[in-house]
Amino acid sequence: MGILFEDGNFELFRNGFLQTVELSALSALFALLLGVLLAAFRVSPVPVLRVFGTVWVNIFRNTPLTVLFFAVVFGLPRLDVHFDHFTFAVIALSAYTASFVCEVIRSGINTVPVGQAEAARSLGMTFGQTLTQIVLPQAGRTVLGPLSSVFIALPRNSAVAGAFSVGELFNFQTTLNEKGYSILGIFFWVALAYLFLSTCVALFFKFLESRLAVAR
């Protein structure tokens with residue numbers, strides 16, 4: 001268990017941990033923004049937008065994350081789109097996670113009584129105004145639990161980025177494994193780090209649920 005404090009390993013671990021936090025946070029932010037937009041497309045009165053949202057969700061939810069990383073890291077450069085590996089990882093994780101966020105948000109939208117949207121339209125509100133001012137504020141409160149499950153899984157999903165030259169926790173594990181350290185000892189610290197991140201995300205959503213709870 002003391003391998004973390006040998007030969008500069010703590011610095012490697014710290015850098016991997018911080019990189020995982022940064023990768024997860026950025027991916028969560030972009031996935032949330034994109035997921036809400038896709039959910040709006042899915043319930044839009046415009047057929048083209050509904051089709052786009054449906055196709056996006058069906059493709060990205062049913063594509064293994066590793067395959068998606070391969071497509072982004074090796075496919076985009078062929079289209080003359082060039083970024084560093086960290087940015088490619090954010091793109092892949094955001095696109096993948098957004099499909100799950102979209103379905104969670106859409107399920108929350110479906111819990112809002114249709115009469116409220118109809119009343120808003122009768123007052124002259126547009127679809128966008130109805131969605132942002134009437135529907136989404138109510139839907140958001142109902143989907144905090146399911147959303148927490150999506151974002152708790154995100155740091156663990158980010159481990160795939162370690163196989164594509166991103167220096168996160170999985171990369172730390174690979175580096176120490178190549179140095180000949182005990183796999184059990186390495187996995188202990190990596191698992192502890194992921195447990196810590198998952199617990200922080202769970203507590204954050206628990207806090208949001210308590211703050212946004214509606215008395216019934």
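1. Helices (H or I, at least four residues) and strands (E, at least two) are DSSP runs, numbered from the N terminus. On that basis the protein has nine helices and zero strands.

2. The model is predicted: local features need pLDDT of at least 70, side-chain atom pairs count only at pLDDT 80 or more, and totals for chains, interfaces and linings use all residues. Residues are numbered from 1 along each chain as its sequence is written, and side-chain values use heavy atoms, with hydrogens and water left out.

3. Along the principal axes, the C-alpha atoms fill a box of roughly 70 × 50 × 20 Å. Of the 216 residues, 40% count as buried, meaning under 20% relative accessible area with a 1.4 Å probe, protein chains only.

4. The largest nonpolar core has 45 residues; such a core is a set of buried Ala, Val, Leu, Ile, Met, Phe, Trp, Tyr and Cys residues joined through side-chain atoms within 4.5 Å. Helix 4 (85–111) is one of the helices that each supply at least two residues of this core, and its share, 14 residues, is the largest. Another core, of 14 residues, lies apart from it and includes Ile 3 and Leu 197.

5. Phe 151 is among the residues with the most contacts inside the largest core. Leaving aside neighbours within four places in sequence, Phe 151 is in contact (heavy atoms within 4.5 Å) with Ala 28, Leu 32, Thr 97, Val 101, Val 201 and Phe 205.

6. Among contacts between residues at least 6 apart in sequence, 77% join residues at least 24 apart.

Key:
Buried < 20%, exposed > 50% of the residue type's maximum accessible area, 1.4 Å probe, protein only.
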